[in-house]
Amino acid sequence: MSGPIPVAVVGAGHMGGHHARIYRELPEAELIGVVDTNAARAAAVAGDFNAQAYDSLEPLLGKVRAVSVAVPTVAHAAVARPLIENRVAVLIEKPLAADAAGARSLLELARRHGALLQVGHTERFNPVVRAVSRMNVRPRFIETHRISPFTFRSADIGVVMDMMIHDIDIVLHLVRARPVRVEAVGVNVLARYEDLANARVTFQGGCVVNLTASRLALKTERKVRVFSEQAYLSLDYQKKTGIAIKKDANLDLLKLARQRHADDLSQLAGVDFGSMVRVEPLQIDDVEPLRAELQSFLRSVRTGEPPEVSAEDGVAAVELAEQIVAALREHRWDGTSTDAAGSP
C-alpha cells in the first residue's frame, strides 16, 4: 500500500500529545484521530494537529492501520485488545502491562491474531544507545542512574515500572542473557508505590548490573556506564553524549604496564594517567528518539518486518521489573538475611 498510513493516538495526555505531534509531522503518516475519555482533552490535542477527536475507539476501527496507545498502564490491555483483535498495528507505551501475566496475555493475543505489537521503550532509539549497539560490546558490568524530580505523572505505578523499566530494557538488549539473581531495595515516600529503588541483577554468564532510579531528585540525570573486555563506555542519555575507551586503541599503554613489574610501576607516580588514555567520543546523530521510534513502527506496519522493540522484549522487561519489585518488598530493614528474588 502506497501513501500515508492512517493512524490514531489513544490517550491525550503528555505522551499522547507528543505522539500526535510527530505523526502529524511525518509524511508517511496521516493522523486521523485522537481518542480520550476526557472529551475536552481529546478535542484540544486533536485541534492542535488538525485531527478528529473521539471519546471511544469504535468509530476508528476499520479506518486506521496503526495506533499509539498512551493511556495509564492499568488501561493498556483494555484499550489494546479490540485493536489487536481487529489486526490493527499497535504501539503501546512502556511498560507493556502492569504485570508479567498481563504482558504475556497481550503477547499471546497478538500472536493469535497475527497483529503487529511494538512496545514504546523509547530509549532504545536514543542516539547514544544506538551508538553503543553498533559497537557490539559484551558487557561484564553495567551501572545505570535515572533520577528526576517528581512529575505527578504515572503515580499509578512505582518507579521501577515507571522509570527503571527504560534501563531494564536497555540492559536486556545489551546483555542478551537470562537474569538468575535479583536483589533490590526501595522506598515509597510520596506515592503508594516505591519512589526510589536500587537493584543488583546477576545474569547467566556472569554479567552484573546495578540499576538506580528515583523520582524524588532535585535534578534530572540519566546515565549508564558499561564495562567490558573490549571497551569502557560512559553515556549520558539526556545530553546525548558518550565516550568510549577501547582496548585496541590503548594497546601501547597496556603493553607498557605488562612490561613493568609491580615495583617498577611506582616509578610512574605523578604521571597524568588520563593523558595516556585514548578516549573517543561516540558518533551520535541528533534524531529525536520518539520520532525514530514512530518511524520504525510505521516501517514495520508498511513492510511487515518485525518491530525493533517487540512484544517479547516488552514481556522480558516487565518480568524482570516484577522480579525487582518482589525483591525490594522482601528486603528486610532489620539487617537479617533473606533469599534474593530470582535465585535459581
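**View 1. Salt bridges of R111.** The side chains of E312 and R111 form a salt bridge with an N to O distance of 3.1 Å; the term denotes a side-chain nitrogen of Lys or Arg within 4 Å of a carboxyl oxygen of Asp or Glu. This pair links distant parts of the chain, with E312 in helix α11 (residues 311-330) and R111 in helix α4, 201 residues apart. E312 is partly exposed at 38% relative accessibility, where buried means under 20% relative accessible area, exposed over 50%, and partly exposed in between (1.4 Å probe, protein chains only). The model is predicted: local features need pLDDT of at least 70, side-chain atom pairs count only at pLDDT 80 or more, and totals for chains, interfaces and linings use all residues. Residues are numbered from 1 along each chain as its sequence is written, and side-chain values use heavy atoms, with hydrogens and water left out. R111 also forms a salt bridge with E108, where the closest N and O atoms are 3.0 Å apart. R111 and E108 are three residues apart in helix α4 and are therefore separated by about one helical turn. Both are partly exposed: R111 has a relative accessible area of 49%, and E108 has 39% relative accessibility. Helices (H or I, at least four residues) and strands (E, at least two) are DSSP runs, numbered from the N terminus.

**View 2. Packing of helices α3 and α4.** Helix α3 (residues 76-85) packs with helix α4 (residues 100-113) at an angle of about 10°, and their axes are 9 Å apart. Axes are lines fitted to C-alpha atoms, for helices over the stretch in contact, and angles run from 0 to 180 degrees between N-to-C directions. The angle makes α3 roughly parallel to α4; angles under 35 degrees count as roughly parallel, over 145 as roughly antiparallel, 65 to 115 as roughly perpendicular and the rest as oblique. From α3, A77, A80, R81, I84 and E85 meet S105, L106, L109, A110 and H113 of α4, contact meaning heavy atoms within 4.5 Å. By class, six nonpolar, two polar and two charged residues make up the contact of α3 with α4 (Ala, Val, Leu, Ile, Met, Phe, Trp, Tyr, Cys and Pro count as nonpolar, Asp, Glu, Lys and Arg as charged, and the others, Gly among them, as polar).

View 3. An open sheet is formed by six strands in the order β3-β2-β1-β4-β5-β6, with parallel pairing; two strands pair if DSSP finds at least two bridges between them. At the edges stand β3 (52-54) and β6 (117-120), each with a single partner strand, so one side of each has no neighbour in the sheet. On average, neighbouring strands of this sheet are turned by 25° against each other, direction ignored. Strands β4 (residues 66-69) and β5 (residues 89-93) run parallel and are joined by four bridges. The bridge partner of V69 in β5 is I92. Helix α10 (residues 289-303) packs on the sheet and touches β1 (5-10), β2 (29-35), β4, β5 and β6; the direction of α10 makes about 155° with that of β5.

**View 4. Salt bridge between R140 and E229.** The R140 and E229 side chains meet in a salt bridge (3.6 Å, N to O). R140 lies in strand β7 (residues 139-147) and E229 in the loop between β11 (221-228) and β12 (231-236), so that the pair links distant parts of the chain, 89 residues apart. R140 is partly exposed at 39% relative accessibility, and E229 is partly exposed with a relative accessible area of 46%.
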